[in-house]
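Here are some notes to go with the model, written as numbered points. Please have the structure open while you read, and follow along chain by chain.

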Amino acid sequence: MSAVKRVQQWASFARVWHLFDARWQNPFDSGVLIAKYLKGLYKPLYGAQSLCGDHVVVINCRHVALPGNEWRKRVYFHHATYPGSQTWTPAWEMHTRNPVMVMKKAVYTSMHGNLQRRHTMMRLHLFADEEIDPEIAPRISNVIKQIRPVPERLDLMPEEKVKSFPQIADLDKDYVIPELKEYPNWESKFRKMKKEGKKK
Amino acid sequence: MQNAKIHKNHFYVSAPLKNGIGRYVCQLQRVTLKFCKTRGDSKGIRDFIESYLVDYAKSNPGVVVYLKPRRHRPAMLTMEFLNGERHELSCCQFDGFTVGQFLNLYTKCSGRQESRLINVQYTNHPSIQGPWTPWTNRNPEMAVADLIHDKKWREMYNKAPSATEMVLEMFKQQQISNQIQIEEKQAE
């Protein structure tokens, strides 16, 4: 290969380090997107044997958002090969033990038993919070856009913004603005109501 | 096909040694027709020798033709090429016409080994605008931006405005229109 062609090859097949913020994101949908970048499928010169995969750095894995009641219902199975060693770990427990595992498994499972997924996963770097490894941070040259919108939390909004928010409705002079309270766990309340109903 | 063998013999469309681009040289050096004068297997090749062989030899002066009658031995065609490759073809129970067909085929072959064609297309200019790099069609602001800490790069593409943002926007517009009205009144 001539020097010019060699440089062209280096440029075309340069490995890119992407950043993805998993805050408020569905890990299963994000997993599909991240796997696409890990394999290099977004590149027009993709080839399965071309070694054109990229690195992806996922931050804020701790703040991932599972849909519906997945935190309680989704269960990760593990078998340690000896009898009676099968375990079913719910997502919330997995998350408390290792905040990175839910995201990692989501990416791994999105590849559906592909024989190359162990190799593809090697280029995935997961971090629980905003802090990135000091060796990895300088390499990041692209950001993968999020899939779900991140809402603004009222309790985290600056005070001036909350106070200066325009009045939408005309209120009575006697109207009392209720204080912001935490909403009680309605599911346990619902179960109690059901039980009382059955007893009757 | 085994994965190990896929990459062994493969080639893109090309003329070996650029044969034919300037001058064409027939790559077949010599052909040996081995046959038996009595065996039934060699009937086809015998017919070929009687009818078409002399025409073939005249039309391909670069190819040396040898005849090798061998008693009680099967019919064979042995091709030898200019690059030293040798190929043997059994002509048992062939038709005379079939022998001629194969001979014509090998006359047009180069001595290259049987290999897998990767692509039927060939071009000296695979890219007009330049091959893709990760920096093709890339926002030039990214070169100077703080991608890790600046949150605007992470935001969802075409994020719809939230209810809060919509209300604030409406409030702004209301303020502006009120101001305009006030200014108009003052002008009067």
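**Notes on the two chains**

1. The place to look is the loop of chain A between helix H5 (101-109) and helix H6 (117-121). Please bear in mind throughout that this is a predicted model.

2. The backbone at this residue also deserves a glance. Most residues other than glycine have a negative phi. A:His112 is not a glycine, yet its phi is positive, at about 50°.

3. You will find B:Leu17 in the loop that runs between strand E1 (10-11) and strand E2 (28-35) of chain B. With a relative accessibility of 83%, B:Leu17 counts as exposed.

4. Read from the N terminus, the order in chain A is α-β-α-β-α-β-β-α-α-α-β-β-α-α. The radius of gyration of chain A is 24 Å, whereas the globule rule gives 16 Å for 200 residues, so chain A is more spread out than a compact globule. Along the principal axes, the C-alpha atoms of chain A fill a box of roughly 85 × 60 × 30 Å.

5. How much of chain A is buried? Of its 200 residues, 35% count as buried. As for contacts in chain A between residues at least 6 apart in sequence, 70% join residues at least 24 apart. On charge, chain A carries 33 positive and 21 negative charges, and their mean positions are 12 Å apart.

6. Another loop of chain A is worth a visit. A:Ala169 sits between helix H7 (159-163) and helix H8 (186-199) of chain A. This residue is partly exposed, at 41% relative accessibility. From A:Ala169 to A:Asn26 the C-alpha to C-alpha distance is 35 Å, and the two are 143 residues apart in sequence.

7. Chain B has 5 helices and 6 strands. Starting at the N terminus, its elements follow the order α-β-β-α-α-β-β-β-α-β-α. The radius of gyration of chain B is 38 Å, well over the 16 Å that the globule rule gives for 188 residues, so chain B too is more spread out than a compact globule. The box filled by the C-alpha atoms of chain B is roughly 120 × 40 × 30 Å along the principal axes.

8. What share of chain B is buried? Buried residues account for 24% of its 188 residues. Chain B exposes about 14,200 Å², and 53% of that area is supplied by carbon and sulfur atoms. Within chain B, 68% of the contacts between residues at least 6 apart in sequence join residues at least 24 apart. There are 26 positive and 18 negative side chains in chain B, and the centres of the two sets lie 20 Å apart.

9. A pair of aromatic rings is described by the distance of the centres and the angle of the planes. Over all chains the count is 5 aromatic pairs. One of them is the tilted pair of A:Phe77 and A:Trp88, at 5.4 Å centre to centre and 55° between the planes. This pair links distant parts of the chain: A:Phe77 belongs to strand E3 (residues 75-79) of chain A and A:Trp88 to strand E4 (residues 86-90) of chain A, 11 residues apart. A:Phe77 is partly exposed at 46% relative accessibility, while A:Trp88 is exposed, with a relative accessible area of 54%.

10. In chain B, B:Phe94 and B:Phe102 form a stacked pair, with 5.5 Å between centres and 25° between planes. B:Phe94 counts as partly exposed at 22% relative accessibility, and B:Phe102 is partly exposed as well, with a relative accessible area of 28%. Finally, please look at the aromatic cluster formed by A:Tyr37, A:Tyr42 and B:Trp132.

Terms used. Residues are numbered from 1 along each chain as its sequence is written. Chains are lettered from A and ligands numbered from 1 in the order in which they are written. This is a predicted model: local features need pLDDT of at least 70, side-chain atom pairs count only at pLDDT 80 or more; totals for chains, interfaces and linings use all residues. Side-chain values use heavy atoms; hydrogens and water are left out. Helices (H or I, at least four residues) and strands (E, at least two) are DSSP runs, numbered from the N terminus. The radius of gyration is taken over C-alpha atoms; the globule rule is 2.2 Å times the number of residues to the power 0.38. Buried means under 20% relative accessible area, exposed over 50%, partly exposed in between (1.4 Å probe, protein chains only). Contact means heavy atoms within 4.5 Å. Accessible areas come from the Shrake-Rupley method with a 1.4 Å probe; for residues, only the protein chains shown count as cover. Lys and Arg count as positive and Asp and Glu as negative; His and the chain ends are not counted. The place of a charge is taken as NZ of Lys, CZ of Arg, CG of Asp or CD of Glu. Rings of Phe, Tyr and Trp (its six-membered ring) pair if their centres lie within 6.5 Å; planes under 30 degrees apart count as stacked, over 60 as edge-to-face and the rest as tilted.
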